[in-house]
Amino acid sequence: MIRVNNLTKNFGNLQVLRGISCHIAPKEVVVIIGPSGSGKSTFLRCLNQLEKATSGEIIINGVNITDPKININLVRQEVGMVFQRFNLFPHMTALENVALAPMKVRKQPRDEAEELAMSLLQRVGLADKAHQYPEKLSGGQQQRVAIARALAMRPKIMLFDEPTSALDPEMVGEVLEVIKSLAYEGMTMVVVSHEMGFAREVSDRIFFMDEGLILEEGTPNEIFSNPKNPRTKSFLSKIL
Amino acid sequence: MDLRFDLIWSYIPLLLQGTKLTIQLTVFAVAIGTVIGLFVSLLRISNFKPVSWVAKIYVDFFRGTPLLVQILLFYYGVPQLLGLDSMSRHVAGIAALGLNSGAYVAEIFRSGILSVHKGQMEAARSLGMTYAQAMRYVVLPQAFKVSIPPLGNEFIAMLKDSSLVSVISLPDLMHTGRMVVNRAYRSFETFILVALLYLIMTTTISQLVSYLERVFGKDDQSQ
Ligand SMILES: Nc1ncnc2c1ncn2[C@@H]1O[C@H](COP(=O)(O)OP(=O)(O)OP(=O)(O)O)[C@@H](O)[C@H]1O
Ligand SMILES: [Mg+2]
């Protein structure tokens with residue numbers, strides 16, 4: 001579903017991704033862990049071309065999205081993204097946030113888009129907040145709206161960049177529950193997260209990134225119980 | 001000290017007519033300025049250097065030179081350049097004021113757009129929206145809201161600066177005031193009345209702006 005060949009990314013002289021290759025199968029859930037500055041966010045953002053790759057290939061559903069000739073907007077409709085800081089549109093209600101892209105991108109009529117939005121808000125447990133503006137919602141609620149907003153485009157892949165790290169601890173659970181439910185329904189997902197319990201529970205594979213490379217990958221069991229790379233070991237010993 | 005407002009009483013309709021022209025010039029200038037300003041602000045933030053460069057030259061020219069010079073340039077200079085005999089005072093006046101206003105409004109919108117967190121554009125693009133859609137539905141509505149107070153200030157500044165068109169004998173409030181002084185020989189009374197009329201207009205605009213701020217500012221806040 002996602003195949004990455006030798007992806008590199010430079011910011012000026014700084015090489016942030018130094019040749020990443022991986023393959024992610026349909027319905028697979030991959031959690032990326034690694035120290036701050038290792039390039040996790042950058043890698044995720046390359047997967048929907050919010051960052052342009054410097055070199056290498058990213059093939060999603062058979063389409064090479066690094067090819068400048070493809071219509072990236074079509075690719076992005078298939079790849080939803082959820083951000084650390086939610087990025088809800090503050091001038092719109094929760095419902096409008098979710099309904100906007102179906103209306104403007106998919107050209108769905110308003111009532112249809114709002115019906116869809118309502119059902120998605122229901123699904124993340126926020127039907128009663130549909131007409132609230134983001135500033136009136138807690139962080140956890142905002143993040144759940146953001147997930148509903150991404151789902152409204154019916155993506156085949158979901159990317160999460162530290163979806164719970166801007167949240168107060170008591171709200172982490174409600175957001176992780178929603179992400180877990182997506183995993184159980186078979187959504188293909190790539191999640192950058194420091195929530196190791198969550199990673200162990202839902203992920204099929206874990207990527208450990210450091211200094212712009214995937215240094216180690218394996219099942220949660222392999223990574224957590226028996227890490228091979230010394231850097232993985234020392235990272236895990238620091239955070240567990 | 002003798003104040004003889006009675007001597008200028010009969011000129012009040014004339015002054016009101018000048019007031020009307022001042023309002024018309026200002027409204028036109030700000031309307032044109034807003035359209036140009038929006039357009040230029042979008043060029044200005046373009047990643048394509050030549051485009052943002054042209055926009056910057058426009059903005060720098062109209063903000064960096066006296067409006068008086070711009071008005072004279074339009075009234076006398078442009079007809080010469082185009083080989084015309086003359087140019088309508090109204091057209092020249094509105095063009096100069098509008099283009100001048102456009103430069104200021106462009107900077108207002110530009111900083112409004114830049115004040116919107118870049119995560120907003122990214123979130124919109126990640127949903128598959130085009131750059132234009134993301135601008136229109138997500139970034140500009142937020143940018144516009146923060147632009148309301150400075151736009152109000154620009155409106156007020158334009159109203160006052162429009163008095164400079166009296167230099168090309170457009171019968172605005174300022175020019176009419178000078179005419180009245182020449183006829184009635186009552187400088188103080190006339191100019192204090194002119195000043196008062198300007199003051200009424202500027203305070204009306206400030207009221208309007210704070211009203212708009214309340215209307216648009218009530219439901220939400222940028223993150
Ligand atoms: N737009 C940018 N311009 C320049 N440098 C950048 C940019 N974005 C990221 N970087 C740099 O790239 C490196 C990797 O950043 P990235 O955000 O991908 O790391 P990360 O693994 O997500 O870290 P964290 O856990 O702190 O989120 C960092 O050194 C960062 O400073
Ligand atoms: Mg990051």
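These legends describe close-up views of a predicted model.

**View 1. The contact between chain B and chain A.**
Chain B brings 22 residues to this contact, and chain A brings 29 residues. The size of an interface is often given as the accessible area lost when the parts come together. Here chain B and chain A bury about 2,100 Å² between them. Carbon and sulfur atoms account for 57% of that buried area.

**View 2. Polar links across the interface.**
One salt bridge is found across the interface of chain B and chain A. Its partners are the side chains of A:Arg45 and B:Glu122, with an N to O distance of 2.6 Å. Six residue pairs are in polar contact between chain B and chain A, counting pairs with both residues at pLDDT 80 or more.

**View 3. The side of chain B that touches chain A.**
Two helices of chain B, H5 (118-126) and H6 (131-161), each supply at least two residues of this side. H5(B) gives the most, with seven residues. By residue class, the side of chain B that touches chain A holds seven nonpolar, 11 polar and four charged residues.

**View 4. The shell around ligand 1.**
Chain A residues surround ligand 1. They are A:Phe11, A:Val16, A:Pro35, A:Ser36, A:Gly37, A:Ser38, A:Gly39, A:Lys40, A:Ser41, A:Thr42 and A:Glu162. Helix H1 (residues 40-47) of chain A gives the most to this shell, with three residues. The shell divides into three nonpolar, six polar and two charged residues.

**View 5. Polar atoms beside ligand 1.**
A:Ser36 places a polar side-chain atom 2.6 Å from an oxygen atom of ligand 1. A:Ser38 takes part through its backbone: an N or O atom there lies 3.2 Å from an oxygen atom of ligand 1. For A:Gly39, a backbone N or O atom lies 3.0 Å from an oxygen atom of ligand 1. Ligand 1 exposes 630 Å² when taken alone, and the protein buries 59% of that.

**View 6. A:Met1 and its contacts.**
A:Met1 sits in the segment before strand S1 (2-11) of chain A. A:His23 is 22 residues away along the chain, yet the C-alpha atoms of A:Met1 and A:His23 are separated by 7.6 Å.

Notes. Residues numbered from 1 in each chain as written. Chains lettered and ligands numbered in written order. Predicted model: local features only at pLDDT ≥ 70, side-chain atom pairs only at ≥ 80, totals over all residues. Heavy atoms only, no water. Contact = heavy atoms within 4.5 Å. Buried area = accessible area lost by both parts, 1.4 Å probe. Salt bridge = Lys/Arg side-chain N within 4 Å of Asp/Glu carboxyl O. Polar contact = N/O pair within 3.5 Å; in protein donor to acceptor, adjacent residues only side chain to side chain. Helix = DSSP H or I, 4+ residues; strand = E, 2+ residues; numbered from the N terminus. Nonpolar A, V, L, I, M, F, W, Y, C, P; charged D, E, K, R; others polar. Near = heavy atom within 4 Å. Areas by Shrake-Rupley, 256 points an atom, 1.4 Å probe, with all protein chains shown as cover.
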